[in-house]
Amino acid sequence: MTKKQRAALIQLELEKLYPEVPIPLAHTDPFTLMVAVALSAQTTDKKVNEVTPKLFKVAGTPEKMAKLEVEEIRELIKEIGLSNTKARNLKRMAELLLERHNGVVPQTYEELEALPGVGHKTASVVMSQGFGFPAFPVDTHIHRLMTQWKLTSGKNVVETERDAKTIWPENVWNKLHLQIIFYGREYSPARGKGEKDFITKMLFEK
């Protein structure tokens, strides 16, 4: 089976499993999405979704977030890993949105990635899920599964993202990256033994 055939089969199976894919992080607009994604680094989406309602109630806009002290933000997100660093980043992110962008989340990678706590993956999620631009954010699930499925020899997420964008057409990126994440969580968790990972078995078992 060629790489192209494997990619087509994977897409077909994922579409059967996940015809609809909700965005895993609860949010109401691009700002709350960006905050939620920034908080999700080294933390589960479930934990982020437990913490953000309380945070967004008092700091759901850049104006409100910027007015809080770092310690107040940290107290609201203390259950999340790296809360000290993330609290500092959120306050400065909000301040810069007000200073540079009139409080509006920008719609370019360059401007997004210039904000504290916003790396390329976070920017990609905001671009795809917040604004609908074609993007293929690569997390650990996608990197691991694409390597497992021999669709990339990428040594890092940057190379894996490039390969994903080459293999699949642009019009499926926004949905497909979420389908792979859902599949990884349900059928092929990093700490599991892969017994449920039927796609890998289908691709490589004789």
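The model is predicted, so local features need pLDDT of at least 70, side-chain atom pairs count only at pLDDT 80 or more, and totals for chains, interfaces and linings use all residues. Residues are numbered from 1 along each chain as its sequence is written, and side-chain values use heavy atoms, with hydrogens and water left out.

Me: Why is Thr32 called buried?
Reply: Buried means under 20% relative accessible area, exposed over 50%, partly exposed in between (1.4 Å probe, protein chains only). Thr32 has 2% relative accessibility, so Thr32 counts as buried.

Me: What makes α2 mostly covered?
Reply: Nine of the ten residues of α2 are buried. Among them are Phe31, Thr32 and Leu39. A helix here is a DSSP run (H or I, at least four residues), numbered from the N terminus.

Me: Which residues does Thr32 touch, not counting those up to four places away in sequence?
Reply: Thr32 touches His27, Phe56 and Gly60. Contact means heavy atoms within 4.5 Å.

Me: What makes Thr28 and Thr32 a polar contact?
Reply: The pair must be N or O atoms within 3.5 Å; within protein, one must be able to donate a hydrogen and the other to accept it, and residues adjacent in sequence count only if both atoms are side-chain atoms. The backbone nitrogen of Thr28 lies 2.9 Å from a side-chain polar atom of Thr32.

Me: What makes a nonpolar core?
Reply: Buried Ala, Val, Leu, Ile, Met, Phe, Trp, Tyr and Cys residues, joined through side-chain atoms within 4.5 Å. The largest one has 35 residues, including Met34 and Met65. α2 gives the most to this core, with eight residues.

Terms used:
Helices (H or I, at least four residues) and strands (E, at least two) are DSSP runs, numbered from the N terminus.
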